[in-house]
Amino acid sequence: MSDVTPAQMAVDFVYLLTGIAFIVGLRLLSTPKTARLGNRIAAGGMLAALVATIVQIDASAWWIVAIGIVIGAVGGIYSARAVKMTAMPQMVALFNGAGGGAAALVSTAEFLRIYDPSAALPVDQTITILLSSIIGSLSFAGSIIAFLKLQELMTGRPITYPGQQVVNGLLAAIIIVAAVLAICNVMPLPMYFIAFGGALVLGVLFVLPIGGADMPVIISLLNSFTGLAAAMTGFVLQNNVLIISGALVGASGTLLTILMGKAMNRSITNVLFGAFGAVAKTDGQAAASSSGGAVRAATVEDVATMLAYAKQVVIVPGYGMGVAQAQHSVRDLAAQLEKRGVEVKYAIHPVAGRMPGHMNVLLAEANVPYPQLRDMDDINPDFPRTDVALIIGANDVTNPAARNIASSPIYGMPILDVDKASAVVVLKRSMNPGFAGIENPLYEDPKTVMLFGDAKRSVDELTATVKTL
């Protein structure tokens, strides 16, 4: 006879349905047409799991759970409504850190519950608790540093110091040794907190040398860490829905990290340890910036005429578009050009912006038709047939140094081939380099003109001028 009660069977069934809801929701998130439905299905699954968990709790503890639900709901609703789309990367980092921190705290509470100075700790439980605690702590601390960098509360440049990798290696070794000693019941309590604290410090040191250009990759990687921590917490609590959801997040985050590294033609180890963006100007860069080419500034009237009489225009959005909140203005300009018979497309680089899919999210908010959004592999063959490539703040992903200058830090990274268009227009506030701190020789190309100023104001002026032509 099984010891499982009908109530427990009902809870397990709800958890199974929740896991299915997460999988279906994740699948529907793959396209904008079904993304909202997928989000609702996943949220419904989460609500069902929450209710199933609450019914198992002793009635005397319901008020604690209720307080947590209210705080979380208020914070989530406020964030969803108040945070600007441009701040989504840092909000993702913050929420991801909260998930990792929660896993670490739950594991710590469980460790303190089973700890008995007079008895040996069960090895299997101790291993899962330590894994959850270490991975969750690392994800929490790393995500907080990522948030501070993205929010520009600290420099977005890589922060490095002599012997950095040696320090990180020693710290990782200390964490491993402390964890092993705790598992072997050698001073388990102090060893646990040494591993816990070491993971927090390592999380900080792990992200400090990551430059702004690599933030999409590191956010995805930290997300996978949080998923793994949640799955380990599921084993600690013997909670199936945590195991399922954590495994989904961990697997999808890991896959996305690998794909984004491939899109940049860089290994994950290079992203993590290469301190991209901290390099001094190389000889190749110096040659590119002192090649004698002149940067040509254009007027709104000049650019509007180029756009209005083009057959095909490809808009290349970058973080500058997001900072200026110009996505709606860009959509209006595209609509005005389409009225004149101009074919308009959008070129989306996999790592444009500050998080995976950042440009897609911004343009979807402006109701840009999804078929017009073309990824790098699809749009690059179109550039030789493009009359005007309109670049709005996308510096690093359009930099031809990735193809032409072997000494450039981005050499070998796949880029959008905007320099193959008949004409290139770049909207920028100034000649300052992009977030990666690398100069762009595209700006000295004879076919390139610069339209300086706030992106939103410039695009609005272009739209108004096109209407008069």
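The model is predicted, so local features need pLDDT of at least 70 and side-chain atom pairs count only at pLDDT 80 or more, while totals for chains, interfaces and linings use all residues. Residues are numbered from 1 along each chain as its sequence is written, and side-chain values use heavy atoms, with hydrogens and water left out.

Start with helix H8, residues 215-237. Helices (H or I, at least four residues) and strands (E, at least two) are DSSP runs, numbered from the N terminus. H8 has 23 residues and should span 33 Å at 1.5 Å a residue. The expected span is 1.5 Å times one less than the number of residues. The end C-alpha atoms of H8 lie 32 Å apart, which agrees. Of its 23 residues, 18 are buried, so H8 is largely enclosed by the rest of the structure. Buried means under 20% relative accessible area, exposed over 50%, and partly exposed in between (1.4 Å probe, protein chains only). Just after H8, Gln238 takes a positive phi of about 55 degrees.

Now turn to H4, which packs against H8 at an angle of about 25 degrees, with the axes 9 Å apart. Axes are lines fitted to C-alpha atoms, for helices over the stretch in contact, and angles run from 0 to 180 degrees between N-to-C directions. The two helices are therefore roughly parallel to each other (angles under 35 degrees count as roughly parallel, over 145 as roughly antiparallel, 65 to 115 as roughly perpendicular and the rest as oblique). H4 passes H8 in a left-handed crossing. A crossing is left-handed if the near helix is turned anticlockwise from the far one by less than a right angle, and right-handed if clockwise. On the H4 side, the residues that meet H8 include Gly99, Gly100, Ala103 and Glu110. Among their counterparts in H8 are Thr226, Ala229, Ala230 and Thr233. Contact means heavy atoms within 4.5 Å.

The structure holds nine of them, each a side-chain nitrogen of Lys or Arg within 4 Å of a carboxyl oxygen of Asp or Glu. Glu110 pairs with Arg113, the closest N and O atoms being 2.6 Å apart. Both sit in H4 (residues 88-114), and being three residues apart they are separated by about one helical turn. Glu110 counts as buried at 11% relative accessibility. Arg113, at 55%, is exposed.

Two further pairs follow. Asp382 and Arg374 meet at 3.7 Å, N to O. Asp382 is buried at 6%, and Arg374 is partly exposed at 22%. Lys420 bridges to Asp417, again with N and O 3.7 Å apart. Lys420 is partly exposed at 43%, whereas Asp417 is buried at 11%. Salt bridges that share partners join Glu343, Lys345, Arg374, Asp382 and Arg385 into one network.

Gln372 is found in the loop between helix H15 (358-365) and strand S3 (373-375). Gln372 is buried, with a relative accessible area of 16%. Beyond its neighbours within four places in sequence, Gln372 contacts Glu338, Val344, Lys345 and Tyr346.

Thr465 is buried at 15%. Ile114 is 351 residues from Thr465 along the chain, and their C-alpha atoms are separated by 71 Å.
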